[in-house]
Amino acid sequence: MPWIISEQMLSPQVTMPEPHWKMRKSFSRSTLRSQKGFSEIDLKLETVSQDALRRTLFPLGGLTKDFVKKIAAENRLHHVLQKKESMGICFVGKRNFENFILQYLQPRPGKFISIEDNKVLGTHKGWFLYTLGQRAKIGGLREPWYVVEKDGTKGDVFVAPRTDHPALYRDLLRTNRVHWIAEEPPAALVRDKMMECHFRFRHQMAPVPCVLTLNQDGTVWVTAVKAVRALALGQFAVFYKGDECLGSGKILRLGPSAYVLQKGKSKSRVATEGPSNSPGSGPGLGPAL
């Protein structure tokens, strides 16, 4: 929840830093990361329209949370100081997430399947209860397994035996039409159709260097310089240039995982080196993009 504080609550001894935002000459506004880096608020502001943003003020935009707590301490606002940080899904609270979701959605039993050999390892109550990258609770197995893919049609959840398994890593995605905070794509992207920047898709993750490729319909391909873990459909890729948040797009398509690419290279090598195979007969792997 954002901090809110009035002028009357401020101690006269406190010196307020300059607001950490800037105005464009065209009277549009961009959003900048906070003093401690990219915050959860960045992941909300990237979808705000320019019309709303130019009418919005951020009185605490240049303050760290520690500085705000200092103001609260000087004004004896102990209930603010003792308030716990909000983690996870705030409206769920301490309730069990699976039980909470199953109050609203009917169970859809399915199988946990190994991504490596298609072996069935166990069952679950619904594929929608799992997020890519999280540990799957599979009864009877001591070693940890992690969710790497989900099949919403069949209800199967594919898992891998390590948290750093290559099936969790991808370096390519495509978004829907990007919402640019400045209303138009950056000039360099329009001119060259490609642009280097950074992106992220999760709160508290470090921005990842990438190359954007602009399509005619306003969507973009995002090619990460280094494969990233647990990309998922439906998440928002948020783009940054330096300290400035440029905008975002919803992830609609994913490139093949590092595991699929490795299998493709391996099978291609076998097909090329095998004595009975003709040139070019190796199978193609990986989903069409």
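Strand β7 (residues 169-175) and strand β11 (residues 220-229) run antiparallel, joined by five bridges. Keep in mind as you browse that this is a predicted model. On another side of the story, β7 also pairs with strand β13, and a couple of cysteines are worth a look, although the structure holds zero disulfides.

- How much of β7 is covered? Strand β7 is mostly covered, with five of its seven residues buried.

**The cysteines**

- Which cysteine sulfur is closest to that of Cys 197? The closest one belongs to Cys 210, at 3.7 Å.
- That distance is too far for a bond, because a disulfide needs the two sulfur atoms within 2.5 Å.
- Seen from the other end, Cys 210 is in no disulfide either, and the nearest cysteine sulfur is that of Cys 197, 3.7 Å away.
- Is Cys 197 buried or exposed? Its relative accessibility is 5%, so Cys 197 counts as buried.
- Cys 210 has a relative accessibility of 3%, so Cys 210 counts as buried; the cut-off for buried is under 20%.

Note on methods:
Residues are numbered from 1 along each chain as its sequence is written. This is a predicted model: local features need pLDDT of at least 70, side-chain atom pairs count only at pLDDT 80 or more; totals for chains, interfaces and linings use all residues. Side-chain values use heavy atoms; hydrogens and water are left out. Buried means under 20% relative accessible area, exposed over 50%, partly exposed in between (1.4 Å probe, protein chains only). Helices (H or I, at least four residues) and strands (E, at least two) are DSSP runs, numbered from the N terminus. Two strands pair if DSSP finds at least two bridges between them.
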